[in-house]
Amino acid sequence: MMLQELCLVCLISFTLLVVHVGSTQPPFSCDSSDPSTKNYPFCQTTLPIIQRARDLVSRLTLDEKISQLVNSAPAIPRLGIPTYEWWSEALHGVTSVGPGIKFNGTIKAATSFPQVILTAASFDAYQWYRIGQVIGREARAIYNAGQAYGMTFWAPNINIFRDPRWGRGQETPGEDPLVTGKYAVSYVRGIQGDTFQGGKLNGHLQASACCKHFTAYDLDNWKGMNRFVFDARVTVQDLADTYQPPFQSCVQDGRASGIMCAYNRVNGVPSCADSNLLSKTARGLWDFKGYITSDCDAVAIIHNAQGYAKSPEDAVVDVLTAGMDVNCGSYLQKYTKSAVMQKKLPESEIDRALHNLFAVRMRLGLFDGNPGQRPFGNIGTDQVCSPEHQVLALEAARNGIVLLKNDAKLLPLPKATTSLAVIGPNANSAKTLLGNYAGPPCKSVTPLQALQSYVKNTVYRPGCDTVSCSTGASDKAVDIAKQADYVVLMMGLDETQEREELDRVDLLLPGRQQELITSVAKAAKRPVVLVLLSGGPIDVSFAKDDPRIGGIFWAGYPGQGGGIALAEIIFGDHNPGGRLPVTWYPQEFTKVPMTDMRMRPESSSDYPGRTYRFYKGDKVFEFGYGISYSKYSYEFTRVSQNSIYLNHSSSLRTTVTSDSVQYKLVSELGAEVCDQRKFIVCVGVKNHGEMAGKHPVLLFARQGNRGDGRPKKQLIGFQSVILSAGEMAEIQFEVSPCEHLSRANEYGLMVMEEGIHFLVVGDDKHPITIVI
Ligand SMILES: *[C@@H]1O[C@H](CO)[C@@H](O)[C@H](O)[C@H]1NC(C)=O
Ligand SMILES: *[C@@H]1O[C@H](CO)[C@@H](O)[C@H](O)[C@H]1NC(C)=O
């Protein structure tokens, strides 16, 4: 009796000890000190991953298999396999928004980069890569510290920012397919541990990235239409040259190890049940190697909300046979067994999914024993929020912020400013700086605090109760504006206006913000500075036209370094160089239904089209717009080819468009011919200003022929250059005619048309003739 009791106590304290140790160690399988598991083939690091994954799956019972098909995969103790959490988020920094990351141990925060839309505005792919790298490194450090239950991150969000009202547009790199694709590749290579140039992964993953949301997902909740039931009607033409290219780049060039299928249907078929999309296109055409997850509860809605599947079991069969592997939610846990019992689902489909799932966990090194010795096992806690990482967050904010107006050189404000009035609901909110899918950040300095560090005599009044600005205290704001040398207004949006599950219905500033700005501007001694925090564009035509508003900035949601970056720019310690990654439409655009997915305009119904590539209406600001304290000029200095000959073979088919232009299909030209036709374009850039600056150069192409579904112009390259005052540099672009001078025809095929095409940089243009 005594002995038994003693043993029991012993056992309990032993268990507690193990739990304690377990909580500070990352979860892993194939512990070399556990003799029962180390001899399994799936633990043999010398075997190919796919063989190891097959071995593991072959050892599972049907119930164990089914248990692994959901995001919170339970442990399988008899094989030494711990729990795994597929769902983690790291959109612009590792966050605890998903259940896979906990900031409840030694590590309490991670570097919080600007929201992606602002990071995109730097047009600097190498910076995007470095951000991805830091996120991956911090993720590993968090895992090594025992605070991560998975290493699969559901980012980047690379849907095209098709409509300015979209609440999640802030999460994306904007409206251009090339920018979005390049962003995807850079982020994925960074986080997964590849080099900037790519191709050096060797199968091992630092952390796993996920291209989402596949595909044509860019409506959350607009006037009663929501993402769960929305059926996106998309033409094959728009799919080919707008919606799909970022995903193709993410998979083919980025070698992403994850894809998330979207809630919405595309032309009637739920994305997660679309085998043409998941299996034929991603795995087949693009050679995708990785796992495919559903968005959260995106399987349940196929039956419940969409009625596409007649029963829960049918929904399970639809997604697994389409090629989806894991369900965020619990639906597959509930209904897969009955689908098998009803003989609707062969077990081989479950095995197929599990092979993909375990292969990714193995590529992450989670079946190699204690990861302490593995490539990423020694990334330490000190990496998280390291000074270098925080500097990168500050740099990203500096390089993204866009100067939209600077009349009479109001900006930068003199450092000798003796009194400053700061007004607006966005001036002193650390949270608003971050945007959604954020935090906790390493630290935060609000714009107000940062401005105070420049001007001691800074007075602050919010002016509005909140961003929605339904009631105001504008009298007090007007009072301080009258007294101060200079006035900075910090206005715009926040998550109460635009977020996941909330699209906007108009494009104006909320509530009485405009009224506040105008009355402050009227009262101030000098023209005022207006700073807009927002993800989506805002129609600020009134401010653009008002001479009493001398300067306007768009600062996105600039992240943990955003307050300091803004103050540095306002007082001239940094020269702004960001350029808008989306078109700023006027309020009038809201007459277009958000549900209309068409990119191309249609004159007969007065439909204006979307994005700078197609939109025909007036703009508040153009895609790519952004000024600086320096003026830059460009010219083409050398173009290595002026004509592209596609008449090399008489056996190649030539076709004629409905407006009588001859064209050839890119797919028929073949990779070799396309490769041979590449040419070099050199652009001279000069900084005419008195300040050094980092300046992104955007190279566009446009066709001589107009209309008939052709883009008005198209970005074909971008590069950032750092120039000191008066300095000139030459930058080089490689142009691939097949990729850059082509467009999708109405059958969704990429074509190259005869005739003149123009390369355009700034005001300079250069003709290239395509001979068919
Ligand atoms: C942190 O949270 C996880 C998951 O909720 C929990 O298992 C773990 O014990 C917590 N750790 C600490 C130190 O509180
Ligand atoms: C292609 O067209 C050019 C210009 O018309 C002509 O000079 C050239 O001979 C043609 N090449 C072939 C192979 O037909």
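Predicted model: local features only at pLDDT ≥ 70, side-chain atom pairs only at ≥ 80, totals over all residues.
Gln147 is placed in the loop that runs between α5 (125–144) and α6 (177–192), and it counts as buried because its relative accessibility is 3%, under the 20% cut-off. Apart from its neighbours within four places in sequence, Gln147 is in contact with Gly100, Ile101, Lys102, Phe103, Asn104, Gly105, Thr106, Ile107 and Ile142. Two of these contacts involve polar atoms of the Gln147 side chain: one such atom lies 2.7 Å from the backbone oxygen of Lys102, and a polar side-chain atom of Gln147 also lies 3.1 Å from the backbone nitrogen of Thr106. Although Gln147 and Pro27 are 120 residues apart along the chain, their C-alpha atoms are separated by 9.5 Å.

Lys102 and Asn104, which are both in contact with Gln147, are found together with Tyr149 around ligand 1. A polar atom in the side chain of Asn104 lies 2.3 Å from an oxygen atom of this ligand. Of the 360 Å² that ligand 1 exposes when taken alone, 40% is buried by the protein.

For residues 695–765, an unreviewed UniProt entry gives the feature "domain: Fibronectin type III-like". In the model, this stretch of the chain is 59% strand and 6% helix, and the C-alpha atoms at its ends are 19 Å apart.

Conventions: Residues numbered from 1 in each chain as written. Chains lettered and ligands numbered in written order. Heavy atoms only, no water. Near = heavy atom within 4 Å. Polar contact = N/O pair within 3.5 Å; in protein donor to acceptor, adjacent residues only side chain to side chain. Areas by Shrake-Rupley, 256 points an atom, 1.4 Å probe, with all protein chains shown as cover. UniProt positions renumbered as here; feature names shortened; annotations may be inferred. Helix = DSSP H or I, 4+ residues; strand = E, 2+ residues; numbered from the N terminus. Buried < 20%, exposed > 50% of the residue type's maximum accessible area, 1.4 Å probe, protein only. Contact = heavy atoms within 4.5 Å.
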